[in-house]
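This report describes a single protein chain through its computed geometry. Please consult the sequence and the model shown below while reading.

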Amino acid sequence: MNIKDKILKFIKEQAYKPMNKKELANIFDIQKGDLKEFYSILDEMEKECSVVKTREDTYGVPEKMNLVFGKIQGNARGFGFLLPDDKEDRDVFLSSNNLNGALHNDRVLVRLYKKADGDKRPEGEVIRIIERGNKNIVGIFQKSKSFGFVVPDDEKVSVDVFIPKSESENARNDDKVVVEITKWPEGRRNPEGKVIEVLGNVDEVGTDILSIERKYNLSETFPEEVLREAENISEEIPEKEIKRRLDLRDKTIFTIDGIDAKDLDDGVSIEKLDDGNYQLGVHIADVTYYVKENSEIDNEAYKRGTSVYLVDRVIPMLPRKLSNGVCSLNPDVDRLTLSVFMTIDKDGNVKDQKIKETIINSKARLNYKDVSDILENNNEELIEKYSDLMDEFKLMEELSKTLRAKREKRGTIDFDFDEAKIILNEEGEPINIKKYERRISNRIIEEFMLAANETIAEYMYWTETPFLYRVHEDPDEDKIEDFRKFIYNFGYKLKGSDEEIHPKQLQSLLKQVEGKKEETVINTIMLRSLKKAEYLAERKTHFGLASKFYTHFTSPIRRYPDLTIHRIIKWFINNEIDAKKKSKLEKKLPQIAQHSSAAERIADGAERETDELKMVEYMSKRIGEEYEGVISGVTSFGLFVELDNTIEGLVHISTLTDGYYNYDEKNYSLVEERTKKSYRIGDIVKVKVANTNISKREIDFLLIENEEKEE
């Protein structure tokens, strides 16, 4: 047990009375020469929010003091919620008067004054702002005679920012700007700031995406010192490095990616062994050879955490010289890789694995469309073009089906939700939106990467080496209980025990509803009942994959956890992990896991917002057009309807004029008071595009049957 754990254990004891740092030092018999380090540990614990320092400079734990640490989630109407650090705790309602100057995304300490009561959340008051979440805010500048103000793009920041005339950077009315907060809100006074960047008029081409980049603090450019370091990287691989690696340059290895992909992380090889087993090789770009720990590039990659794939551009984690160049497994050039070879039997079991530092020379840069056209449609022209790879393609298809069958047997949950492919013209305007096809070659590569990730995770777990895992924890019992009640309305039950939920029970239900009217609704509510996957420095199961061991190994060009994992694997296979390095990893990995999970959420938010933006732009040219769609969400204020091309819009309850509708929360439906006519998730409806609001990313639909009745 380390010193932090010992301090926590002591403070949590029933008999503990709050003590100051000197008293705690005496209890733990800290010598004079070690006092500075001990006090520094207490400061760290306070920053980590595991202990609270009171006004009397004594220490306690929040749960014994009716206090909760967490992050503010704002609301356009002025109130907010505390999302507690402890995921077991319920969200806390904070009225506008009890925010006490805290804004959306601020880390705060809240005192509870009203406990949870049934469905009602606990209520509290912000008593300390620990860290501000919005040093910069993006919004629309509005000018008056002697000052200006900025209306934030993010509605969760519900206050305007006052801008003195001298700090406006000559911004004009309706310019999108970035504001640095110089004075935080106090009492009824709004925050004050200065314009640090004018992005352009709200209607100018390119301003929209740039605004989203700034909102999420994303940058397409890299600091000078990072670019300088990248430029100094040699493209020549030293002979000494080649000799110490397993040379696979004569082996048939190739990549399969999207047509537009430039950062090619992974190559594959496959052969059938004499005993009937398969040998699958997954060869991943050895980014760590070029990106040394604590270098300028490494520090910037950690800060970014992930590459971000916006609707019209990629914001890479690594400078393009690496991501599209020396690290990318481009064809016909020598590339350094970290390879995992898996011997897999006819039932999909990995019987043996080897992990090697390798050098490869990719024989082809293939794309999903071509390989799928060969395997699904027997495209003769492509078969002739890739005749030398046909044996590999057939083996890959065969093995991937075996691996998939094995995963299905153990209970993996495969949500086959439609994704949007948004096609833009040269001006960045959306000209078509359609469903993204998930075809046989996509599934092949997906199966091979899953197998590699599981194999690496299990192998490293048994070595007892500190490591990063991709974890998807079991769902909350309450949410699963609500889900059970919901599906009962459709005549379904989860098979098996009511005590515990196993992914196989959910997988079985997905198969039962496949192709039926209620498929979308049940898939959607099931997904909402599950937790989000995250990175952790301890192994836990991955519920959705029904896997005991899982990690992210296959994308070090675009994900920092994968980069970290490669370093650890290479240290391990080269016998470079001593007690000192092990201790350092145990301390560092939880921080990397937490930061990477947060970076992933930021990337997801930015990607989703640029997609939504272009979808609203697309529909703004189609006012009055009619579509068929499925009700994808029901709220107290209306129905969300998703069209076949994945675009979603709102039918506001005020436009349902054939009666008075009440919201039935438990059954996700709106029910008319007198006739009991209802609309619920999964119903097919016809809608007309009534209105769009590009700045708010909103699309309004009208139900056609209601409109016809009015006429």
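T646 counts as buried, at 11% relative accessibility; here buried means under 20% relative accessible area, exposed over 50%, and partly exposed in between, with a 1.4 Å probe and protein chains only. T646 sits in the loop that joins β27 (638-643) to β28 (648-652). Helices (H or I, at least four residues) and strands (E, at least two) are DSSP runs, numbered from the N terminus. When neighbours within four places in sequence are set aside, T646 makes contact with D418, E419, A420, K435 and M615, where contact means heavy atoms within 4.5 Å.

## Basis of the model

The model is predicted: local features need pLDDT of at least 70, side-chain atom pairs count only at pLDDT 80 or more, and totals for chains, interfaces and linings use all residues. Residues are numbered from 1 along each chain as its sequence is written, and side-chain values use heavy atoms, with hydrogens and water left out.

## Overall architecture

The secondary structure of the chain consists of 18 helices and 33 strands. The radius of gyration of the chain is 28 Å, close to the 27 Å that the globule rule gives for 711 residues, so the chain is as compact as a globular protein of that length. That radius is taken over C-alpha atoms, and the globule rule is 2.2 Å times the number of residues to the power 0.38. The C-alpha trace spans about 85 × 75 × 60 Å along its principal axes.

Of the 711 residues of the chain, 48% count as buried. Among contacts in the chain with a separation of 6 or more, 65% are between residues 24 or more positions apart. The accessible surface of the chain is about 37000 Å², and carbon and sulfur atoms hold 45% of that area; the areas come from the Shrake-Rupley method with a 1.4 Å probe, and for residues only the protein chains shown count as cover.

## The second largest pocket

The second largest pocket has a volume of about 870 Å³. On a 1 Å grid over the protein atoms alone, a pocket is an open set of points with protein on both sides within 12 Å along at least five of seven lines, a cavity is a set of points where a 1.4 Å probe fits but cannot get out, and lining residues have an atom within 4 Å of a point. Grid points are joined across faces, edges and corners, and a volume is the space filled by probe spheres set on the points.

Two or more lining residues come from each of β20 (350-361), α11 (390-410), α12 (440-462) and α13 (477-488), and α12 gives the most, with eight residues. By class, the lining of this pocket has 13 nonpolar, eight polar and 14 charged residues. Ala, Val, Leu, Ile, Met, Phe, Trp, Tyr, Cys and Pro count as nonpolar, Asp, Glu, Lys and Arg as charged, and the others, Gly among them, as polar.

## Enclosed cavities

The structure holds two cavities of 30 Å³ or more. The largest cavity contains about 60 Å³ of space and is lined by E293, Y560, T564, R567, I568, W571, L585, K588 and I592. The elements giving two or more residues to this lining are α16 (560-573) and α17 (579-620), and α16 gives the most, with five. The lining of the largest cavity divides into five nonpolar, one polar and three charged residues.

The second largest cavity contains about 30 Å³, and its lining is formed by E293, W571, K581, K584, L585 and K588. The largest share of that lining, four residues, comes from α17. Two residues of the lining are nonpolar, none is polar and four are charged.

## Positive phi angles

Most residues other than glycine have a negative phi. N170, which is not a glycine, has a positive phi of about 60°. N170 lies in the loop between β10 (161-164) and β11 (175-183) and is exposed, with a relative accessible area of 72%.

K676 likewise has a positive phi, near 65°. K676 belongs to the loop between β30 (669-672) and β31 (678-680) and is exposed at a relative accessible area of 56%.

## F141 in strand β8

F141 lies in strand β8 (residues 136-143) and is buried, with a relative accessible area of 1%. Beyond residues up to four places away in sequence, F141 touches several others, including G148, F149, V150, I163 and V195. F141 and I163 are 22 residues apart in sequence, and their C-alpha atoms are 9.0 Å apart in space.
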